[in-house]
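User: I have a new model open and want a quick tour. Can you take me through it?

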Amino acid sequence: MHLSTHNWMRAEPLAVTLKRIKKYGYESIEISGEPAQYDINDTRALLKEHGIRCWGAVTLTLGERNLAARDEGQRAKSVDYVKSVITMVSELEGEIVTLVPATVGKVVPDGTEEDEWKWVVDATKECFAHAQKKGVRLAIEPLNRFETYLFNRAAQALALAEAVDPECGVCLDAFHLNIEEENIYDAIRLAGNRLFDFHIADNNRFAAGLGHLDWPKIVATLKEIGYDGALTNEFVAPVDRTPAAKYPDMVERNPVDIPPEQLKFIQDHGSSLLTEKFYDDQMRITAETILPLIK
């Protein structure tokens with residue numbers, strides 16, 4: 001296992017992120033799933049310069065992106081988007097694309113259970129075929145019920161993976177597991193050798209170590225099933241706007257260069273733009289919590 005991180009949680013130049021995570025012992029990065037933001041050659045050069053490899057990317061399934069949409073044209077555009085993320089990861093020599101099949105924030109279905117299942121299976125099969133062609137593994141990620149109605153538990157993500165192909169996998173996230181699963185450790189065991197990726201944030205979605213999750217037991221369970229991939233940092237710190245705030249200086253008041261879609265994605269997760277110091281602390285705390293457990 002090794003320590004990785006997403007970079008969508010704060011708008012900053014990739015070079016700044018890479019320098020930061022190298023300092024704290026991260027080995028790889030999951031690039032934000034917006035291929036238009038990255039020049040492949042420049043990004044490759046930055047990764048090489050900082051000694052960080054691309055582990056993969058997560059799809060930012062926002063707006064009209066939805067593999068379970070009723071509208072056929074919308075599904076086709078969503079498939080094209082996922083394929084573009086897969087292609088980007090392949091060109092950056094990454095291994096994994098974490099797929100969130102339905103729109104983040106959408107909690108109302110588009111059709112019957114049977115219709116939606118057919119739509120999402122067919123669309124995911126098309127994405128999977130492209131991933132195989134590009135040498136990238138595809139992992140279905142369930143989110144908590146407040147972010148999507150369709151895939152919330154490991155068993156649901158596994159059902160889609162199994163309907164797609166024996167080589168399709170899943171990605172689990174400790175924050176979502178804590179909300180949705182009866183037993184976090186049994187959910188990890190259920191995923192078994194189909195677990196391709198694992199995202200980490202504590203129960204309060206701050207850095208690992210700032211909540212009540214039992215990280216030694218989580219890591220031990222990952223070792224038990226033979227997991228040898230990334231533990232990818234994905235804290236999304238909730239902003240406290242009251243006088244009870246523990247971190248009064250966490251919000252960036254003068255943001256620059258943030259696309260509207262990324263800002264909306266962060267805000268829809270109950271967060272906001274984070275100051276560099278607060279963000280840096282979260283990266284450091286995660287590393288200090290996780291690295292001793294995986295070495």
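User: What does the accessible surface of the protein chain come to?
Analyst: About 12700 Å², and 50% of that belongs to carbon and sulfur atoms. The areas come from the Shrake-Rupley method with a 1.4 Å probe, and for residues only the protein chains shown count as cover.

User: What kind of model is this, and how are residues numbered?
Analyst: This is a predicted model: local features need pLDDT of at least 70, side-chain atom pairs count only at pLDDT 80 or more, and totals for chains, interfaces and linings use all residues. Residues are numbered from 1 along each chain as its sequence is written, and side-chain values use heavy atoms, with hydrogens and water left out.

User: How much of the chain is buried?
Analyst: Buried residues make up 57% of the 295 residues. Buried means under 20% relative accessible area, exposed means over 50%, and partly exposed is in between (1.4 Å probe, protein chains only).

User: Why does the radius of gyration agree with a compact globule?
Analyst: With 295 residues, a compact globule would be near 19 Å, and this chain has 18 Å, so the two agree. The radius is taken over C-alpha atoms, and the globule rule is 2.2 Å times the number of residues to the power 0.38. The C-alpha atoms fill a box of roughly 45 × 40 × 40 Å along the principal axes.

User: How many helices and strands?
Analyst: The chain has 10 helices and eight strands. Both are DSSP runs numbered from the N terminus: helices are H or I with at least four residues, strands are E with at least two.

User: Which domain does UniProt list?
Analyst: The unreviewed UniProt entry lists "domain: Xylose isomerase-like TIM barrel" for residues 19–242. UniProt positions are in the numbering used here, feature names are shortened, and annotations may be inferred rather than shown by experiment. Over residues 19–242 the chain is 42% helix and 16% strand. The end C-alpha atoms of that stretch are 33 Å apart.

User: What share of the contacts joins residues at least 24 apart?
Analyst: 79%, among contacts between residues at least 6 apart in sequence. Contact means heavy atoms within 4.5 Å.

User: Now single residues. Where is Cys 168?
Analyst: Cys 168 is in the loop between helix H5 (154–164) and strand E6 (169–173). Its relative accessibility is 0%, so it counts as buried. Leaving aside neighbours within four places in sequence, Cys 168 touches Phe 128, Leu 138, Ile 140, Ala 161, Arg 194 and Phe 196.

User: And Leu 177, buried or exposed?
Analyst: Buried, because its relative accessibility is 4%. Leu 177 sits in helix H6 (residues 174–180). Beyond four places in sequence, its contacts are Leu 172, Ile 184, Ala 187, Ile 188 and Phe 198. Its C-alpha is 22 Å from that of Ala 163, 14 residues away along the chain.

User: Which loop holds Glu 34?
Analyst: The one between strand E2 (28–33) and helix H2 (40–50). Glu 34 has 13% relative accessibility, so it counts as buried. With neighbours within four places in sequence left aside, Glu 34 is in contact with Leu 60 and Arg 65.

User: What is phi at Glu 93 and Arg 205?
Analyst: Glu 93 has a positive phi near 60° and is not a glycine. Arg 205, also not a glycine, has a positive phi of about 70°.

User: Where do those two sit?
Analyst: Glu 93 is in the loop between helix H3 (72–91) and strand E4 (96–99). At 65% relative accessibility, Glu 93 counts as exposed. Arg 205 lies in the loop between strand E7 (195–200) and helix H8 (215–224). Arg 205 is buried, with a relative accessible area of 6%.

User: Last topic, charges. How many positive and negative?
Analyst: There are 33 positive and 47 negative charges, and their mean positions are 3 Å apart. Lys and Arg count as positive, Asp and Glu as negative; His and the chain ends are not counted. Each charge is placed at NZ of Lys, CZ of Arg, CG of Asp or CD of Glu.
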